[in-house]
Amino acid sequence: MTTTNLNSSKETAHFLATYAATMLAAGGSSARCEKTVHRIAEAYGTTAEITILPHTVMTTVWDKDHSQSFSVGEKLPATGLNFYVISRLSRLSWDVRDNGITLEDAKNEFRSIMKKPRLNPWLVTLLTGLANASFCRLFEGDWRAMLIVFIATVNGFWIKNALHKEWKWDIRLAVLFAACCSSVIACAGFMFHCTDTPDIALGTSVLYLVPGIPYINSVSDLIHGHLLCCISRFIEASVLTACLGIGLSVGILLMNIQYF
Amino acid sequence: METYRLVILAISLAMPLFVVALKKFTFAFQNYKKRTLSCQEKLFLNNECYDYVTAGHMAEEEVMIKDNETGMVYDDYELEQL
């Protein structure tokens, strides 16, 4: 095997490890990550095997004649969920296969994807509030209940992000605290009797904290046989849901709502 | 309607403002602390903060101290005289 081929395999292994770790951290399912990594590896004339662990991904790249391999372990970066990154990385894998772009170009494209700024946090907060208010409407809450849910969601979402991203609080504590604040605000419907559906306002005010993507990914992992990932994601999501429940209960207890 | 419920509701509504204010205060405090500490790491002499500077003498280096206000640089002997 020539030195050029060795270096090429090594570079491919490094790129694929970073690629896989980024896709998983952005919220991609294990099956999707595996497929795209295999697609890129085949396009570069190599074979790749990936081992996905809860916080790490191990990528092994074999050369054409399966005589030499490189293994690279990459920690999942704390980038947060990002559907834009997932779809662009998936698109990149197709570009590599169909358009035959070189490894260097693929790296440049990867860097440009990662440099793309995220949506304005104020816009995201506003849209989350509107989405949660729409949930309230779906459960037949009235307009005033929707307004309460909107305020509770914007408030709680902002607090959660500030505590987790700026104050570096543990995500579970941040969720618990945000759920508590949101539920206290949603209890305004019970206090002031300003809505006919205060129970729906209270119930839907914390829905934005439900970790939906980890739950969906854990089911996807279960179907595709990634049992370790499935269990890990499910437990993580369950812990967050438990924190949400505790926060909601604390809010209800603080406001002394005799509903149940 | 109990007052405490109103108070809790008001606190929850004002929580984002409280978080921002606390963040700003912490940032300012950390900056102040960092400034003081960096001064202590240099040298405090007669309530003044001095920089350590080094001046090369052949292969050796001699630690010297610079007065930030006057720009004067003192060596060990001169420092003892101050």
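In chain A, strands S1 and S2 are joined by a hairpin of three residues, where helices (H or I, at least four residues) and strands (E, at least two) are DSSP runs numbered from the N terminus. The structure is a predicted model, in which local features need pLDDT of at least 70 and side-chain atom pairs count only at pLDDT 80 or more, while totals for chains, interfaces and linings use all residues. Residues are numbered from 1 along each chain as its sequence is written, and chains are lettered from A and ligands numbered from 1 in the order in which they are written.

Strand S1(A), residues 47-52, pairs with S2(A) in the antiparallel sense over six bridges, two strands being taken as paired if DSSP finds at least two bridges between them. Within this pairing, A:Thr47 has A:Trp62 of S2(A) as its bridge partner, and A:Thr51 is bridged to A:Met58 of S2(A).

Taken together, the strands make an open sheet of three, in the order S1-S2-S3 of chain A, with antiparallel pairing. S1 and S3 of chain A stand at the edges, each with a single partner strand, so that one side of each is left without a neighbour in the sheet. Neighbouring strands of this sheet are turned by 15° against each other on average, direction ignored; axes are lines fitted to C-alpha atoms, for helices over the stretch in contact, and angles run from 0 to 180 degrees between N-to-C directions.

A residue is called buried if 20 or more other C-beta atoms lie within 10 Å of its own, exposed if 12 or fewer, and partly exposed in between, with C-beta atoms placed from the backbone. S2(A), residues 56-62, likewise has a covered face, formed by A:Val57, A:Thr59 and A:Val61, and an uncovered one, formed by A:Thr56, A:Met58, A:Thr60 and A:Trp62. Helix H2(A), residues 30-43, lies across S1 and S2 of chain A and runs at about 160° to S1(A).

Among the helices, the axes of H5(A), residues 121-138, and H6(A) come within 8 Å and cross at roughly 140°. H5(A) and H6(A) are therefore oblique to each other, given that angles under 35 degrees count as roughly parallel, over 145 as roughly antiparallel, 65 to 115 as roughly perpendicular and the rest as oblique. The residues of H5(A) that meet H6(A) include A:Leu130, A:Ala133 and A:Cys136, and those of H6(A) that meet H5(A) include A:Val149, A:Phe150 and A:Phe157; residues are in contact if their C-beta atoms, placed from the backbone, lie within 7 Å. The residues of this contact divide into 11 nonpolar, six polar and one charged, where Ala, Val, Leu, Ile, Met, Phe, Trp, Tyr, Cys and Pro count as nonpolar, Asp, Glu, Lys and Arg as charged, and the others, Gly among them, as polar.

Two further positions illustrate contrasting surroundings. A:Cys229, which lies in helix H11(A), residues 227-254, is buried, with 23 other C-beta atoms within 10 Å. Leaving aside residues up to four places away in sequence, A:Cys229 touches A:Ser30, A:Ile52, A:Pro54 and A:Asp221. A:Gly212, in helix H10(A), residues 212-223, is exposed, with 12 other C-beta atoms within 10 Å.

Between the chains, 13 residues of chain A are in contact with 10 residues of chain B. Helices H6 (143-166), H7 (171-186) and H8 (188-192) of chain A each supply at least two residues of the side that touches chain B, and H6(A) gives the most, with five residues. By class, this side of chain A has 10 nonpolar, two polar and one charged residues.

How values were computed: Contact = placed C-beta atoms within 7 Å.
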